[in-house]
Amino acid sequence: MKRTILIFIFISLFGVLANAQTEAPIYDMIDTTVVKPRWVGCDTIVNEGFAQNCWDEHLRKFLNENLQYPEGQGSYEGRVWSEFIIEMDGRVSGIKIIRSAGELLDEQVISFLKLLPQFIPAKHNGQPVRFRY
């Protein structure tokens, strides 16, 4: 009986540790030890302020070229709050709507975020890390 319990505890503990090791931590804007993700073309900028300006400029251009308003009758207005993760390989994942402005606008924001290009990933101690926007 004792042996069965010990085996069960060992297997349970091993499962928890294995899961903890496979899921990489996610950093965010608050963590000042992380070099934030960059658009391709902004990767040579060393100054973080200039890099942020480059990010803003690329995002604004991408937004103007790719964001589409819902088709149909009436006008749509509102702010949609969203979050997404830039993975260690630069892909966008984990898109979520945090605050909705209606189903049609939410769908357009999700569609837009899915179009985002692959980024240069964030780095912590020189290694790529996951980063939440």
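Student: Where is asparagine 125 found?

Tutor: Asparagine 125 sits in the loop between strand E5 (122-124) and strand E6 (127-132), where helices (H or I, at least four residues) and strands (E, at least two) are DSSP runs numbered from the N terminus. This is a predicted model, in which local features need pLDDT of at least 70 and side-chain atom pairs count only at pLDDT 80 or more, while totals for chains, interfaces and linings use all residues. Residues are numbered from 1 along each chain as its sequence is written, and side-chain values use heavy atoms, with hydrogens and water left out.

Student: What is the phi of asparagine 125, and is the residue buried or exposed?

Tutor: Its phi is positive, at about 55 degrees, although asparagine 125 is not a glycine. Most residues other than glycine have a negative phi. Asparagine 125 is exposed, with a relative accessible area of 67%; buried means under 20% relative accessible area, exposed over 50%, and partly exposed in between, using a 1.4 Å probe and protein chains only.

Student: OK, zooming out, in what order do the elements run?

Tutor: From the N terminus on, the order is α-β-β-α-β-β-α-β-β, which gives the protein chain 3 helices and 6 strands. Of its 133 residues, 25% count as buried.

Student: Which residues touch the most other members of the largest nonpolar core?

Tutor: Those are Trp39, Leu113, Leu116 and Phe119, in a core of 14 residues. A nonpolar core here is a set of buried Ala, Val, Leu, Ile, Met, Phe, Trp, Tyr and Cys residues joined through side-chain atoms within 4.5 Å. Helix H2 (48-66), strand E3 (81-86) and helix H3 (103-115) each give two or more residues to this core, and the largest share, 4 residues, comes from H3.

Student: And what does tryptophan 39 touch?

Tutor: Leaving out residues up to four places away in sequence, tryptophan 39 touches Trp55, His58, Leu59, Phe62, Leu116, Pro117, Phe119 and Ile120, with contact meaning heavy atoms within 4.5 Å. There is also a second, separate core of 5 residues, which includes Tyr27, Ala122, Val129 and Phe131.

Student: Switching topic, which residues line the largest cavity?

Tutor: The lining consists of Lys36, Pro37, Arg38, Glu48, Ala51, Gln52, Trp55 and Tyr133. On a 1 Å grid over the protein atoms alone, a cavity is a set of points where a 1.4 Å probe fits but cannot get out, and lining residues have an atom within 4 Å of a point.

Technical notes
1 Å grid on protein atoms, 1.4 Å probe; cavity = no way out; pocket = protein on both sides within 12 Å on 5 of 7 lines; lining within 4 Å.
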